[in-house]
Amino acid sequence: MPLEHALQFRGKFADPGPWKLPRSQPVRLQEPLGIGHLPAQRVRRSKRKPYVFNLMVVGDSGLGKTTFLNSLFNAPLSEDISSTKKSLAETKTVNMQPTTYELVEDGVILHLTVVDTPGFGDQLNRESDFLPIMEYVDEQYRKYHECERSDEMRKDIRDTRVHALLYFIPPTGNGLRDLDIEFMQRLCTKVNIIPVIGKADALMIDETSIFKKTILKDFQRYDIRVYPTHHSDERETVAEIEKHMPFAVIGSDDFIEVDGKKVRGRSYRWGSVEVENPKHCDFVYLRDMIIRTNLQDLIETTHNIHYALFRSSKIRGSIVGRPESILQSDEIFDQQVEGAQLNAKQEMQRKEEELKEAFVAKIREKENELREREEALNAKRAQINEEIERMKRQIEP
């Protein structure tokens with residue numbers, strides 16, 4: 001029985017295990033039964049219950065996070081958030097401001113929760129900017145875990161876990177800052193981090209390309225795991241997405257006229273920038289990844305990877321009642337067991353070599369003995385043949 005199952009259910013329910021399930025036998029259908037309609041039935045049933053997606057946005061003030069969200073979902077989502085924001089002088093700590101919206105399209109309902117983090121990176125002392133965010137992420141995991149353990153709440157758990165974190169990188173062109181590295185190193189094992197270069201229209205095309213390569217090198221150097229490179233199960237789409245990472249985006253609440261059409265963009269003295277033009281920024285690729293191709297994968301990755309790590313740590317620690325000191329002792333014991341197993345393996349190999357050498361020596365000794373006997377028999381046979389020939393010569397006249 002798996003340890004996690006035993007600790008959670010305390011032996012109340014038997015764990016059949018995959019090895020105890022009866023083996024299925026393939027059967028060839030004589031005529032269609034309608035099994036092919038099962039996916040369509042599941043789609044119809046899934047539409048009855050709203051989908052839930054929680055998106056956190058983190059970055060310095062002035063990088064266009066609010067405008068980007070409005071452009072991403074093609075709706076004025078963050079009007080309430082922007083109206084409640086404090087000035088930089090009034091902001092002393094990072095505030096967590098979740099706001100939930102209901103989006104409806106073709107009968108599909110999406111409950112979108114946007115978690116804004118005003119105050120991040122606004123103070124001179126930025127050492128504790130990431131702590132409120134880490135506490136918020138862990139708190140949502142803790143609430144979900146408590147609901148899983150409750151018989152009443154387990155049937156209808158409200159999912160407030162952060163499924164994706166858009167981290168806005170300022171367009172400096174000089175790589176990641178210490179704050180960026182520290183934040184993403186701490187959060188990349190807790191949530192799906194999607195790196196975004198804000199206000200990309202501040203960089204030239206060549207500067208953007210060089211800046212992206214520098215950031216990717218920093219990811220490898222500091223072991224920063226970002227989505228979808230390290231977590232996504234949609235491997236067939238990862239290669240195409242990675243070509244545009246980190247995403248250089250532009251947001252705008254205004255519409256400009258281009259070739260007789262109204263499009264989102266910004267007008268400058270030197271020309272215009274279109275938000276949804278792939279030649280101008282990566283907004284289209286980021287939107288397609290978040291909404292059209294990888295939204296469900298973001299939710300499943302959060303549950304199967306990040307939340308699973310949190311849940312396993314709770315099962316090993318607080319649920320069983322084993323303090324961290326005992327867990328460390330367990331690790332020392334495991335290391336001792338591994339060392340003993342290694343020594344035993346080496347001893348077995350040594351004894352095996354000795355047995356092989358002794359066996360080979362006995363074989364060689366037996367071969368030498370048989371060779372000596374064969375030589376003696378050959379000599380005896382030669383002697384007998386000589387006597388026979390001598391007797392033949394005596395008998396012959």
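Buried means under 20% relative accessible area, exposed over 50%, and partly exposed in between (1.4 Å probe, protein chains only). Helices (H or I, at least four residues) and strands (E, at least two) are DSSP runs, numbered from the N terminus.

This is a predicted model: local features need pLDDT of at least 70, side-chain atom pairs count only at pLDDT 80 or more, and totals for chains, interfaces and linings use all residues. Residues are numbered from 1 along each chain as its sequence is written, and side-chain values use heavy atoms, with hydrogens and water left out.

**Strand pairing**
- Strands pair if DSSP finds at least two bridges between them.
- Strand β4 (residues 164-169) runs parallel to β5, joined by five bridges.
- Leu165 has Ile193 in β5 as its bridge partner.
- Strand β6 (residues 247-248) also runs parallel to β5, with two bridges.
- Val196 has Phe247 in β6 as its bridge partner.

**Asp180**
- Asp180 sits in helix α6 (residues 178-187).
- Asp180 is buried, with a relative accessible area of 0%.
- Beyond its neighbours within four places in sequence, Asp180 is in contact (heavy atoms within 4.5 Å) with Tyr167, Ile169 and Pro170.

**Ile194**
- Beyond its neighbours within four places in sequence, Ile194 is in contact with residues including Tyr167, Tyr227 and Phe247.
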